[in-house]
Amino acid sequence: MLKSNKSNNLYRGHSIEKVGHGKRAVFQTTINEKQWSAVTETEVKRAIDAWIDEGIEPED
């Protein structure tokens, strides 16, 4: 059985995709039609919360 490197998670209507594995993994999502990524899933969730709750778009 082959295992995919990508896994998806849905948080507040935004898909969070884990790309890679181990220390090389990053988490990606699309916020306001722009691809955005971070090293931890928590950072991505924080950015989604800021966008939804306060209208603050994350920095590149």
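The questions and answers that follow concern this predicted model.

Biologist: In what order do the elements of the protein chain run from the N terminus on?

Modeller: The protein chain has one helix and four strands. Read from the N terminus on, these elements run β-β-β-β-α.

Biologist: What percentage of the residues in the protein chain is buried?

Modeller: A residue counts as buried when its relative accessible area is under 20%. The protein chain has 60 residues, and it exposes about 4,800 Å², of which carbon and sulfur atoms supply 48%. The share of its residues that are buried is 22%.

Biologist: Which element gives the most residues to the largest nonpolar core?

Modeller: The largest nonpolar core has eight residues, namely Ile-16, Phe-27, Ile-31, Trp-36, Ala-38, Val-44, Ala-47 and Ile-48. Two or more of these residues come from each of β3 (26-31), β4 (34-38) and α1 (41-54). With three residues, the element that gives the most is α1.

Biologist: Which core residues does Phe-27 contact, leaving aside its neighbours within four places in sequence?

Modeller: Phe-27 is one of the residues of the largest nonpolar core. Its contacts beyond four places in sequence include Glu-17, Lys-18, Ser-37, Val-39, Thr-40 and Glu-41. Among its contacts are also the core residues Ile-16, Trp-36, Ala-38 and Val-44.

Biologist: How far apart are the end C-alpha atoms of α1?

Modeller: The helix α1 has 14 residues. At 1.5 Å a residue, it should span 20 Å.

Biologist: Within what arc do the buried residues of α1 fall?

Modeller: The buried residues in α1 are Val-44, Ala-47 and Ile-48. Seen down the axis of α1, they line one face of the helix, because they fall within an arc of 100 degrees.

Biologist: Which exposed residues does α1 carry on the face turned away from its buried side?

Modeller: A residue is called exposed when its relative accessible area is over 50%. On the face of α1 turned away from the buried side, the exposed residues are Arg-46, Asp-53 and Glu-54.

Biologist: Is Thr-29 buried or exposed?

Modeller: Thr-29 has its place in strand β3. Not counting residues up to four places away in sequence, Thr-29 touches His-14, Ser-15, Lys-34, Gln-35, Trp-36, Val-44 and Ile-48. Its relative accessible area is 3%, so Thr-29 is buried.

Biologist: Which residue has its backbone oxygen 2.9 Å from a polar atom of the side chain of Thr-29?

Modeller: Among the residues that Thr-29 touches are His-14 and Ser-15. The backbone oxygen that lies 2.9 Å from a polar atom of the Thr-29 side chain belongs to Ser-15.

Biologist: At what distance does the side chain of His-14 reach the backbone oxygen of Arg-12?

Modeller: His-14 is in strand β2 (residues 14-19), and it is buried, with a relative accessible area of 16%. Arg-12 is found in the loop between β1 (7-11) and β2. The side chain of His-14 reaches the backbone oxygen of Arg-12 at 3.4 Å.

Biologist: What is the relative accessibility of Ile-31?

Modeller: Ile-31 lies in strand β3. Leaving aside its neighbours within four places in sequence, Ile-31 is in contact with His-14, Trp-36, Ala-47, Ile-48, Trp-51 and Pro-58. Ile-31 counts as buried because its relative accessibility is 1%.

Biologist: What is the phi of Arg-12?

Modeller: Most residues other than glycine have a negative phi. Arg-12 is partly exposed, with a relative accessible area of 40%. Arg-12 is a residue other than glycine with a positive phi, near 50 degrees.

Biologist: What is the phi of Glu-33?

Modeller: Glu-33 lies in the loop between β3 and β4. Its relative accessibility is 78%, so Glu-33 counts as exposed. Although Glu-33 is not a glycine, it has a positive phi of about 65 degrees.

Biologist: Which residue just after α1 takes a positive phi?

Modeller: The helix α1 covers residues 41-54. Just after α1, the residue that takes a positive phi, of about 75 degrees, is Gly-55.

Technical notes:
Residues numbered from 1 in each chain as written. Predicted model: local features only at pLDDT ≥ 70, side-chain atom pairs only at ≥ 80, totals over all residues. Heavy atoms only, no water. Core = buried A, V, L, I, M, F, W, Y, C linked by side-chain atoms within 4.5 Å. Buried < 20%, exposed > 50% of the residue type's maximum accessible area, 1.4 Å probe, protein only. Contact = heavy atoms within 4.5 Å. Areas by Shrake-Rupley, 256 points an atom, 1.4 Å probe, with all protein chains shown as cover. Polar contact = N/O pair within 3.5 Å; in protein donor to acceptor, adjacent residues only side chain to side chain. Expected span 1.5 Å × (residues − 1). Arc of directions from axis to C-beta.
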